[in-house]
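Reader: I have a chain open and would like to go through it. Can you take me through the layout and then the buried parts?

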Amino acid sequence: MRSRDHAVYVISVAAELAGMHPQTLRKYDRLGLIRPSRTVGSMRLYSRHELKRIKLVKQLVDDAGINLAGVQRLLSIAEVMERIEPLMEPRRLRTLAGRRQLLAEMRRLNDAIGL
């Protein structure tokens, strides 16, 4: 049996917990805003992490008035920033490979921002 930290929910339960329609979750999945895991039979399973992401998307749309394209861009930027943070450690910057990896992520960030 899974612990509460590793609990997963089927789409109907996840939608209810997030306060939205299951079709909205399917749309978010199609757009790549969320990435639920799948069973062998392709049933979507939503983790607590995915539920937090769903609620973030909902908050950005409902409260901040950001459209889904804007949400996609913000999430892309956030993902790149999460990858950049550990690359900024001095020990990683001392190596050529570390600097190259940081440069590659910075290029991805520029692309995500649209520069």
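**Layout and buried residues**

Author: Buried residues account for 30% of the 115 residues in the chain; buried means under 20% relative accessible area, exposed over 50%, and partly exposed in between, with a 1.4 Å probe and protein chains only. This is a predicted model, in which local features need pLDDT of at least 70 and side-chain atom pairs count only at pLDDT 80 or more, while totals for chains, interfaces and linings use all residues. Residues are numbered from 1 along each chain as its sequence is written, and side-chain values use heavy atoms, with hydrogens and water left out.

Reader: How many helices and strands does the chain have?

Author: There are six helices and three strands, in the order β-α-α-β-β-α-α-α-α from the N terminus. Both are DSSP runs numbered from the N terminus: helices are H or I with at least four residues, strands E with at least two.

Reader: What box do the C-alpha atoms fill?

Author: Roughly 50 × 40 × 25 Å, taken along the principal axes.

Reader: Which residues touch the most other members of the largest nonpolar core?

Author: L25, Y28, L33, Y46, I54 and V57, out of 19 residues in that core. A nonpolar core here is a set of buried Ala, Val, Leu, Ile, Met, Phe, Trp, Tyr and Cys residues joined through side-chain atoms within 4.5 Å. At least two residues of this core come from each of helix 1 (11-18), helix 2 (22-31), helix 3 (48-62) and helix 4 (68-87). A further core lies apart from it and has five residues, including V80, L87, L102 and L109.

Reader: And what does L25 touch?

Author: Leaving out residues up to four places away in sequence, L25 touches I11, A14, A15, M20, I34, Y46 and I54. Contact means heavy atoms within 4.5 Å.

Reader: Changing topic, E50. Buried or exposed?

Author: E50 is buried, at a relative accessible area of 8%. This residue lies in helix 3. Beyond its neighbours within four places in sequence, E50 contacts I34, R35 and P36.

Reader: How far apart are the C-alpha atoms of E50 and Y9?

Author: They are separated by 9.9 Å, with the two residues 41 apart along the chain.

Reader: Where is E105 found, and which residues does E105 touch?

Author: E105 is in helix 6 (residues 96-113) and is buried, with a relative accessible area of 7%. Not counting residues up to four places away in sequence, E105 touches V80, R83, I84 and L87.
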